[in-house]
Amino acid sequence: MAEQLTILAAMLAVVVCSSFAASLIPGRPIPEVVFFVVAGAVMGPHCLGVIHETAGLALLSRLGMGILFLIAGYELDLRELTGRAGRHGAVCWAVCMALACAATLALGLGLSTAGTAAFAIALTTTAYGTLVPIVRDRQLAGTAVGAVIESYGAMGELLPVVAMSVMLSPQRSMGANIAVLLGFLALCVIVAIQGQRVRDWGGRLARWISDNAETSSQATLRTTLLLLVGLLALAAMLDLDAVLAAFAAGFILRHVLPDESGQRLIGKIEVMGNGLFVPVFFVYSAMGIDFASVGANPALLATFVGLLLLVRALPVGMCLQAFPETRPMPAGEKVAASLYCTMALPLIVALTEAATGAGAMSDAMASVLVTAGALTVLVIPVITNVSRVAIAAHPVEAAREIAERPETARDVIREHHELMREADQLFHDERAQLRKQGVRLSAADFLAQAEQIRRDHREDLRRINEHSREELDEIRRRRGRERNARRP
């Protein structure tokens with residue numbers, strides 16, 4: 001017992017230090033989970049050896065995973081998922097999965113069928129459960145980017161979880177897995193319906209739970225934990241993925257408590273989970289990362305990072321351009337939304353844990369995949385800055401002008417470079433002014449909220465910028481007229 005308490009104290013110490021380190025980065029572009037994963041790998045048996053596996057900590061980690069995905073399941077809006085945006089998100093994920101399967105087979109990794117499926121699923125995931133608090137904290141809710149995350153991001157987590165349950169249970173055939181999955185889902189639907197009826201009928205049990213929700217009994221919280229642990233136990237007995245059970249608990253909870261009382265309950269669960277269980281899950285899961293294995297296979301690491309961007313971010317961006325409800329979004333918002341939907345680290349951690357447990361993936365490959373997921377989150381701010389500069393240069397318009405009159409290529413390039421420089425200066429001036437007002441956003445967040453920010457701070461930004469957004473547009477129009485006037 002003393003050993004386990006000592007390890008837990010060490011884990012909580014690195015959690016606090018990791019959270020503080022994440023807060024020091026302006027705009028907080030890197031989520032805390034990246035620091036938790038790195039800390040777990042450094043403190044694990046393959047590096048410093050401060051923490052190691054124990055039965056008690058494994059149980060805490062499993063509960064943390066359950067709480068994390070229960071919250072994600074509660075945030076899923078069935079109306080949103082079954083609407084047009086949700087259907088388009090599902091189509092986008094199917095495209096990503098087809099590309100991921102083709103890419104995985106082309107790599108020739110020598111994996112089994114279940115291993116190939118696990119590798120491909122890892123390329124298509126979105127950590128919606130982690131994005132929900134980010135969307136809320138960074139005030140993305142209600143924006144076009146927030147709407148994309150709610151549909152594309154939710155499908156990017158829900159559908160991979162279903163695929164994991166079907167494909168990563170090698171003890172049964174796929175047909176048997178589907179039958180067990182459907183039976184489990186049917187049971188969850190029945191529990192949700194009966195729970196709603198009990199609440200509406202107002203029996204003695206329902207009244208006790210309602211009356212003691214805010215007392216020391218914390219009846220709703222304890223009942224929710226009973227639901228979560230019961231479904232996790234049932235999933236373990238049926239050899240289903242634990243993430244699916246946690247999602248199902250969130251779905252049932254949303255159906256029974258869809259109102260303000262449900263939001264208060266989720267707030268309590270978040271406090272409990274984020275205070276202990278969820279950080280322990282990330283640190284404990286990451287301690288199996290072997291940096292030696294990662295260093296021994298740098299090609300696979302770089303390949304996975306590149307594929308995660310190509311197989312997930314690029315199709316999401318193309319779908320946003322293809323479907324009519326998202327086509328009017330500015331290019332910057334599409335880039336920001338695509339990159340947010342590529343943040344997959346927490347689900348990759350859960351997926352590799354399930355894959356190694358099923359014998360579908362080696363520990364060395366799991367280490368590479370988790371490290372690649374962390375690196376992807378680290379490079380997203382860099383990609384955002386590069387895309388922002390490219391968007392400001394209007395490359396499509398420049399290419400069209402050069403194609404029409406090749407002899408003006410030098411002038412066109414010079415003019416678009418000047419536009420890019422002025423837009424970049426405007427971007428930095430705006431962010432500097434907003435930082436003075438206490439608004440600290442990463443580049444991705446700024447692109448996601450640019451229009452709303454400019455509306456809210458228009459007068460302040462006008463005073464500090466030599467060229468406002470409207471003036472930049474006027475510069476473009478004037479230079480276009482001058483260029484046309486020089487043409488014979």
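Is M155 buried or exposed? M155 is buried, with a relative accessible area of 9%. Keep in mind that this is a predicted model.

M155 sits in helix α8, residues 144-167. Set aside the neighbours within four places in sequence, and M155 is in contact with L81, G86, G89, A90, W93 and P160. M155 and V91 are 64 residues apart along the chain, and their C-alpha atoms are separated by 9.3 Å.

Now the whole protein. There are 23 helices and zero strands. The chain has 488 residues, and 49% of them count as buried. The accessible surface comes to about 22,100 Å². Carbon and sulfur atoms own 63% of that surface. Residues 24 or more positions apart account for 77% of them.

Next, the core. The largest nonpolar core has 130 residues. Which residues have the most contacts inside it? They are F69, Y152, I269, F304 and L345. Take I269 from that list. Not counting residues up to four places away in sequence, I269 touches I67, L70, I71, L221, T224 and L253.

Helix α6 covers residues 113-122. Nine of its 10 residues are buried, so helix α6 is largely enclosed by the rest of the structure. The buried ones are A114, G115, T116, A117, A118, F119, A120, I121 and A122.

Helix α2 runs over residues 32-43. Here is a check on its geometry. At 1.5 Å a residue, its 12 residues should span 16 Å. The end C-alpha atoms are 16 Å apart, which agrees. The buried residues of α2 are V33, V34, F36, V37, A39, G40, A41 and M43.

On to loops. T342 is found in the loop between α16, residues 331-340, and α17. How accessible is T342? Its relative accessibility is 1%, so T342 counts as buried. Beyond residues up to four places away in sequence, T342 touches T125, L308, L309, R312, A313 and T376.

Now charges. How many salt bridges does the count give? The count comes to one salt bridge. The partners are the side chains of R62 and E353, at 3.3 Å, N to O. R62 lies in helix α3, residues 55-75, and E353 in helix α17, residues 345-357, so the pair ties together parts that are 291 residues apart in sequence.

Last stop, the surface. M174, I178, L182 and L185 make a nonpolar patch of about 350 Å². L185 is found in helix α9, residues 174-201. At 33% relative accessibility, L185 counts as partly exposed. A word on the spacing in that patch. An α-helix has 3.6 residues a turn, so residues three or four places apart point the same way.

To recap, briefly. M155 is buried in the model. Helix α6 is largely enclosed. One salt bridge joins R62 and E353.

Definitions and conventions
Residues numbered from 1 in each chain as written. Predicted model: local features only at pLDDT ≥ 70, side-chain atom pairs only at ≥ 80, totals over all residues. Heavy atoms only, no water. Patch = residues over 30% accessible without salt bridge, like charges linked within 9 Å, V, L, I, M, F, W, Y side chains within 5 Å. Areas by Shrake-Rupley, 256 points an atom, 1.4 Å probe, with all protein chains shown as cover. Salt bridge = Lys/Arg side-chain N within 4 Å of Asp/Glu carboxyl O. Helix = DSSP H or I, 4+ residues; strand = E, 2+ residues; numbered from the N terminus. Buried < 20%, exposed > 50% of the residue type's maximum accessible area, 1.4 Å probe, protein only. Contact = heavy atoms within 4.5 Å. Core = buried A, V, L, I, M, F, W, Y, C linked by side-chain atoms within 4.5 Å. Expected span 1.5 Å × (residues − 1).
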